[in-house]
Amino acid sequence: MKYMIASDIHGSAYWCEKLLAAFEKSGADKLILLGDILYHGPRNDLPQGYEPKKVIAMLNPLADKLICVRGNCEAEVDQMVLNFPVMSESAVICDHGKTLFATHGHIYDPDKLPPLADGTIFLYGHTHIPDDQTKQQSEKSIRCINPGSVSIPKNGSAHRCLIWAGGDFEEAVL
């Protein structure tokens, strides 16, 4: 299976539209969203094209293609308007003999990993900064991957996401 992995849309219809165009073009089967879908949060400026109602209208028809985890900006009211689950703190995807553990990054992050099996790929967002590093957890090796942010990239990074097709990750700039 082919997955697109993205994080931190923060209610930007402009960047959500670009993300969905890239998703369509990629031929990915599923879109993994690592949280902070609708609200921009009190620490961020409004992203370009901030229109959460349009983001809702764009994502709801894709409910069967979405795997989402809760970000620090998600609230129960978001779940009331979205037709797909967004309140789980994590998701586990097993693909091509690999385990992908998806979370937002505000509870667990590369410096505070949950108990994971050796070789697990830890997917997280939250920082808006792309990252790819390997951490040691006891005698286990955990690869930590952050796709960066769809709408509010930080530290000079691009608006981007990642593609996973079982072998490795490929960057997709929006």
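Author: Ile5 stands opposite Leu162 in strand E9. Strand E1 (residues 3-6) and E9 (residues 160-164) pair in the antiparallel sense over 3 bridges; strands are DSSP runs of E with at least two residues, helices are runs of H or I with at least four, and both are numbered from the N terminus. Two strands count as paired if DSSP finds at least two bridges between them. The model is predicted, with pLDDT of at least 70 needed for local features and 80 or more for side-chain atom pairs, while totals for chains, interfaces and linings use all residues. Residues are numbered from 1 along each chain as its sequence is written, and side-chain values use heavy atoms, leaving out hydrogens and water.

E1 also pairs with strand E2 (residues 30-33): these two run parallel and are joined by 4 bridges. Here Tyr3 stands opposite Lys30 of E2. In general, strands of a sheet pair through backbone hydrogen bonds, either parallel or antiparallel.

As for the side chains of E1, Tyr3 and Ile5 point one way, Met4 and Ala6 the other way, and all are buried (under 20% relative accessible area, with a 1.4 Å probe and protein chains only; over 50% is exposed, in between is partly exposed).

E1, helix H1 and E2 together make a right-handed β-α-β unit. Right-handed means that, with the strands pointing away from the viewer, the path from the first strand over the helix to the second runs clockwise.
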